[in-house]
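Reader: I would like to go through the strands and helices of this model. Please show the sequence and structure before we start.

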Amino acid sequence: MMFDTTTPSACLPRRAALAAALTAVLAGGVLPQAWAQGSAASSANWPSKPITFVVPQAPGGANDVIARAIAQGLGQSLGQPVIVENRAGANGNVGTSQVARSAADGYTFLVTAQSAYTINPALYSTVPFDPIKDFTPVMQLAVAPYLLVVNPNFPAKNLDELVAYAKQHPGKVEYASAGNGTLNHLLGEMLKKQKGIDLLHVPYKGASAAATDVVAGQLPMAFGSFPGVMPFVTSGKLRVLGVASDKPSQLAPEIPPLGKGLAVTSWYGLFAPAGTPDTVVVRLHAAITKVLATPVMAERLKNLGAESVVSTPQSFKASLPAELAYWKQVVQDSGAHID
């Protein structure tokens, strides 16, 4: 039978065929399959252009230095430049939210300090990112221990003597921190709770200012990061009472650990926007693992006061929910809050 294509009724079979084809496409047939093939091809060719590491802290800090050291080695390994972009603001919230909104194409990543990622969601009324839903964890890059230090004129020579002195002088022993809700503030609150002592918190605008006043004898004690306070310990300007860990640090095994109740893993981690192809995450993890294993990188981390750590996307992801819950409770117990 011949159909007259000049009449409306003659178009019906053709329209039906077109409609069926369109239905198949919309149902997830042709276009999604083509898109998936294109996406797979794109990730297989990764990287084909420069990669950006967004650091949500200011230049010069430990996180920034670690990011730049890894970026240099990674660029040589992958054959593409790795650019470090500092996006400081709101204790890390600005840069973190920028990456959360970035395309999940394998060319933008977040290199952040643990405190900005796991403490901020509990410290602030709201944060512009979801630490679980908005990111794909890649790996922890390094850990840096925290030290309990005192002015050399302070009578306590170890943790037990500090606790005894604080109990004899309740509410009279001050400790400095980098600000409300910072990790060194929360460590002080954890020490108070664990030992049943009454310490007076004095917040500063930054860790450097806090350490400087303890060195000067304006305040007797503080918790500080290894790279921030160890030079003062080495020069005799501060006395170290312990490391916030349940075992000695490889960086200074002679420093006694403060014990399980004060064991804090302060890490620097790498995250991708949620939805980044698994092939990219796997390849990036493998490349950075090789960079971290080089003697040059190990020495750079040691000089910085940090240690490399064994980490996988799976182990890093699995650790985050419990860590977020832990710091939420610590923040609540401390009373720290930022609107």
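Reader: Which residue stands opposite A142 in β11?

Author: This is a predicted model, in which local features need pLDDT of at least 70, side-chain atom pairs count only at pLDDT 80 or more, and totals for chains, interfaces and linings use all residues. Residues are numbered from 1 along each chain as its sequence is written, and side-chain values use heavy atoms, with hydrogens and water left out. Strands (E, at least two residues) and helices (H or I, at least four) are DSSP runs numbered from the N terminus, and two strands pair if DSSP finds at least two bridges between them. Strand β4 (residues 135-143) pairs with strand β11 (residues 307-308) in the antiparallel sense over two bridges, and the residue in β11 opposite A142 is S308.

Reader: In β10, which residue is the bridge partner of V143?

Author: β4 also pairs with β10, in the antiparallel sense and over seven bridges. In β10, V143 has as its bridge partner W267.

Reader: Which residue of β10 does V111 stand opposite?

Author: Strand β3 (residues 108-113) runs antiparallel to β10, and four bridges join them. The residue of β10 opposite V111 is L270.

Reader: How many of the residues of β10 are buried?

Author: Buried means under 20% relative accessible area, exposed over 50%, and partly exposed in between (1.4 Å probe, protein chains only). In β4, nine of the nine residues are buried, so β4 is largely enclosed by the rest of the structure. Strand β10 (residues 267-273) is likewise largely enclosed, because its buried residues number seven of the seven.

Reader: What covers the buried residues of α4?

Author: Helix α4 (residues 93-100) is largely enclosed by the rest of the structure, because seven of its eight residues are buried. These are N93, G95, T96, S97, Q98, V99 and A100. Contact means heavy atoms within 4.5 Å, and the cover includes β1 (51-55), β2 (82-86), β3, α5, β4 and β10.

Reader: Is α5 parallel or oblique to α12?

Author: Axes are lines fitted to C-alpha atoms, for helices over the stretch in contact, with angles from 0 to 180 degrees between N-to-C directions. Angles under 35 degrees count as roughly parallel, over 145 as roughly antiparallel, 65 to 115 as roughly perpendicular and the rest as oblique. The axes of helix α5 (residues 114-123) and helix α12 (residues 313-334) come within 8 Å and cross at roughly 55 degrees. That angle makes α5, relative to α12, oblique.

Reader: Which residues in α12 do those of α5 meet?

Author: On the α5 side, the contact involves Q114, Y117, T118, I119, P121, A122 and L123. In α12 they meet L320, E323, L324, W327, K328 and V331.
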